[in-house]
Amino acid sequence: MILQILVSGLTSGAIYALIALGFVLIYKSTEIVNFAQGELVMIGAYFALLYASFHMPYYFIFLFAAISAFIVGILINNLVCRPLIKAQHLSVVIATFALSFLIRSLIRLIWGSQYYSFASPFAEKTYKFGDLVISPQNFWITVISLIIMLIFYLFFKFTKTGKSMFATAQNQEAASLMGISISKVFMLIWGISSGLAAISGILLSPISAISPYMGIIAIKAFAAAVLGGFNSLPGAVIGGFLLGIIENISAIYISSAYKDILAFLVLIVVLVFKPAGILGTETIRRA
Amino acid sequence: MKNLSKILLLAFFLALLILPPFLDAYVVYLLNIICISILVSTGLNLVTGYAGQINLGQSGFVAIGAYATTILMTRLGIWFWGALPLGAVIAALAGFGIAVPSLRLRGVYLALVTFGFAAIVEMILVHWVSLTRGPDGLAVPSPQLGSITLNSDLKMFYLNFSITVLMVYIAQNIIHSRVGRAFVSIRDSELAAQAVGIDLTAYKIIAFVLSAFYGGLAGGLYAALVMFISPDAFSVLESVIYITMIVVGGMGSILGAIIGGATVSLLPELLRGLKEVQEFMFGAILVISLIFLPNGLVGLFARFRKAPKIGE
């Protein structure tokens with residue numbers, strides 16, 4: 001029983017982790033908390049819906065949707081964040097809020113408010129390992145997320161671009177002195193984290209309906225990122241999985257009605273008692 | 001010159017007092033909404049614009065004020081004139097509760113806690129059905145003033161207008177007092193503020209409590225105006241709209257909060273028509289004004305006034 005809960009927690013955790021990675025990536029390097037991250041998740045799902053209407057194979061849909069979202073991310077950076085680079089911090093945060101408004105209403109103008117579903121590319125048969133039953137959906141969501149995270153890790157560890165992004169996140173001034181183009185890095189970061197959000201949206205779409213309100217999930221991913229440590233990439237992954245598991249446990253042992261509040265409780269408890277999260281570094285000085 | 005602006009202000013107030021009975025009912029309703037918005041944004045401006053503590057949870061305080069006032073009236077049978085300030089005090093207590101984490105947190109993290117607070121309040125309103133009747137909402141009895149029942153937008157306007165003027169006046173005085181100067185110094189540099197002996201803890205708490213009180217008061221008035229409250233009137237999104245008010249108007253300026261409160265609350269009305277188009281325009285206007293009006297509308301006026309002087 002407990003194993004079953006853990007496994008289903010891992011599936012939602014994988015999605016949270018992917019979105020949380022996007023949050024942390026942007027925050028770590030640009031110090032912006034992107035409140036439009038949930039809308040980027042939604043955009044991914046709608047791009048998938050769009051490409052699916054051309055009867056493409058699933059991996060093409062997946063690829064094209066991710067690339068489209070990547071471009072959207074770059075556009076956001078160039079059109080909104082770059083002009084605000086010298087503005088007050090609060091302005092940028094509000095700008096991302098405004099963006100979420102913009103994107104959501106744009107989607108509603110094009111597709112309306114109704115719910116769409118997206119045919120699952122995976123087999124119907126459930127996998128059984130002993131007592132453990134896993135639906136192929138959940139299995140593949142978890143596996144694909146893990147693969148993406150691995151690619152992500154390798155990219156940061158071994159490619160020059162990845163390393164320059166990492167360097168920028170650590171110390172902008174030093175990075176730019178080493179000849180790294182900060183504005184290019186910012187652009188890439190927005191692109192990548194938007195792509196990550198879109199991928200989680202695509203993965204999510206077979207198990208939850210596609211609607212203009214699916215971006216709500218980002219709030220939980222956000223709590224996950226805080227739990228893991230808002231400036232730590234591995235923290236985002238751990239926080240994501242942990243929140244997924246906590247949520248599933250509490251849904252069974254307490255009540256599923258409070259599942260949504262739980263994410264916020266986690267958020268506040270972590271921020272009040274250990275603002276750095278599990279793996280984050282303490283950047284908040286006592287006043 | 002100074003006399004002229006005083007006369008203009010007086011004329012403006014007089015116009016607002018005399019004109020409403022002759023105006024369209026819808027316009028009077030809008031005037032009410034503007035008053036309430038100004039009340040909220042003035043409070044928010046104290047904590048965010050002056051003390052520099054980001055508060056994304058103002059909708060939570062407004063919600064608490066509205067529900068507390070209503071429930072005190074309907075369940076405990078308290079007179080509106082008692083329930084309204086009590087509701088605001090309850091909201092202020094919640095502000096005290098939020099101020100405690102704010103002592104450790106700053107910037108984005110504080111934004112998160114306050115945002116989470118507003119979201120939790122909203123969810124409690126939905127789920128605590130025995131008290132709030134959940135999504136079904138609560139009917140709000142109209143306030144009684146002697147033998148008059150304040151049951152129309154017009155009658156409510158005079159109440160809202162006078163409370164708003166009073167509270168803005170109080171805010172203005174707070175800003176020019178010891179407390180207000182402490183707020184500004186905390187915003188500009190916590191270290192420097194501490195060095196001159198300002199108690200950061202105390203003043204941050206005061207800022208939050210004040211902001212919550214203004215929000216709660218506005219919530220109670222809003223409830224009495226619309227006579228029906230439900231959780232969707234107090235969604236987290238409203239917090240964003242309140243922040244927008246002080247940003248568009250100009251942060252750290254009383255006039256800014258007033259202008260921002262008035263324009264932003266009118267915006268959805270001016271952009272009537274399809275709801276999607278309205279939201280789209282709202283988002284677009286917000287982004288554009290952030291990029292092109294970094295100091296808000298007030299900053300724009302100030303630029304015009306200051307620019308042409310020669311020899312400076």
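The model is predicted; local features need pLDDT of at least 70 and side-chain atom pairs 80 or more, while totals for chains, interfaces and linings use all residues. Residues are numbered from 1 along each chain as written, and chains are lettered from A and ligands numbered from 1 in the order written.

I looked up the buried residues of H6(A), residues 160–170: A:Met165, A:Thr168 and A:Ala169. They fall within an arc of 100° seen down the axis, so they line one face of the helix (arc: directions from the helix axis to the C-beta atoms). Their cover includes H1, H5, H7 and H8 of chain A. Helices here are DSSP runs of H or I, at least four residues, numbered from the N terminus.

Next I checked H3(A), residues 58–81, against H8(A), residues 182–204: the axes come within 7 Å and cross at roughly 140° (lines fitted to C-alpha atoms over the stretch in contact; angles from 0 to 180 degrees between N-to-C directions).

Last, I took the chains: 34 residues of chain A are in contact with 34 of chain B (contact: C-beta atoms, placed from the backbone, within 7 Å). H4(A) gives the largest share of chain A's side, 15 residues.

Key:
Helices (H or I, at least four residues) and strands (E, at least two) are DSSP runs, numbered from the N terminus. Two residues are in contact if their C-beta atoms, placed from the backbone, lie within 7 Å. A residue is buried if 20 or more other C-beta atoms lie within 10 Å of its own, exposed if 12 or fewer, and partly exposed in between; C-beta atoms are placed from the backbone.
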